[in-house]
Amino acid sequence: MKKFLLAVASVVLGTVSAMAADLAPQYTKAPAIAPSYNWSGFYVGANVGGQWGSADPTTSTVFSPTGYFAASSVPAIAAVGAQKFNSSSVTGGLTAGYNWQVNQAVFGLEGDINYFGFKGGATGSAVYPCCAPFSFAVSSQVSADWLATIRGRIGFVATPNWLIYATGGAAIAEVRSNFKFTDIFSVTESAAIRDTRVGWTAGVGSEHAIGGGWSLKAEYLYVDLGRSTATSTNLTAGALQNVFTHSVDLKSNIVRVGVNYKFGGPVVARY
């Protein structure tokens, strides 16, 4: 009988102990604190990509009773002088900027200077309407070696490490153009434009922080440098003169990738 009672007591005590263990508070380890990237701060970087652009150089003249050209030659020269060509090249350079993050929004100011590599030319010819079969030719060349931009940026933090932004501002480049008119009678006219153009640019981009202050970005920019114009009176046809007008505009699409390094800036802890 004693053995039976001892066995029953052991079972009861074991059951009570198990129930007590189930009812006891359960403790779990708190999750580790994960740092969240903050985009505020000064940064520098480099970029490389490609540009695909176009130029529209024009050459025209005016009719004068004491000038060299017949009235019918003026529209013919303007038609041949309305030229267009495309240019593409590798581009790359250096970037610097500053960001301010306010909640999920990021505001910034960025500047860069890049090798631009725009270069191209065109030549056209036609017969004088008044004087067939005598002909004339117009040629033009345009180049821009460098491009600088000063832009604002406004972005949205899609995830703590991923920024999507729009950007826009001023685009600056030295545009160089050369023009030449010749005809079968060895009459020539030439002009050159050297103009540091201030145009505009706008685009979009994405930037991803990879740690240690480093981030990778991809960006598209559209650039419009506007139109430059020059006139000349150096037509060499004895005592006869004609005023020529030359102009050029330049536009480009730029796609590039880059790497930035941000100095300092707060890191916010998140659970």
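Guide: We shall discuss the disulfide, the nonpolar cores and one asparagine in this predicted model.

Visitor: What is the handedness of the disulfide between C130 and C131?

Guide: The torsion about the S-S bond is about -85°, so this disulfide is left-handed.

Visitor: Which residues have the most contacts inside the largest nonpolar core?

Guide: That core has 20 residues, and those with the most contacts inside it are F116, F118, V142, L147, L225, V248 and L250. At least two residues of this core come from each of strand 5 (105–127), strand 6 (135–159), strand 7 (162–183), strand 9 (214–232) and strand 10 (244–263). Another core, of 12 residues, lies apart from it and includes V80, Y128, V138 and F181.

Visitor: Is N47 buried or exposed?

Guide: A residue is called buried when its relative accessible area is under 20%. For N47 the value is 6%, so N47 is buried. N47 belongs to strand 2 (residues 41–55).

Visitor: With which side chains does the side chain of N47 make a polar contact?

Guide: The N47 side chain makes a polar contact with the side chain of T95 at 3.2 Å, and another with that of N114 at 3.2 Å.

How values were computed
Residues numbered from 1 in each chain as written. Predicted model: local features only at pLDDT ≥ 70, side-chain atom pairs only at ≥ 80, totals over all residues. Heavy atoms only, no water. Disulfide = S-S within 2.5 Å. Core = buried A, V, L, I, M, F, W, Y, C linked by side-chain atoms within 4.5 Å. Buried < 20%, exposed > 50% of the residue type's maximum accessible area, 1.4 Å probe, protein only. Helix = DSSP H or I, 4+ residues; strand = E, 2+ residues; numbered from the N terminus. Polar contact = N/O pair within 3.5 Å; in protein donor to acceptor, adjacent residues only side chain to side chain.
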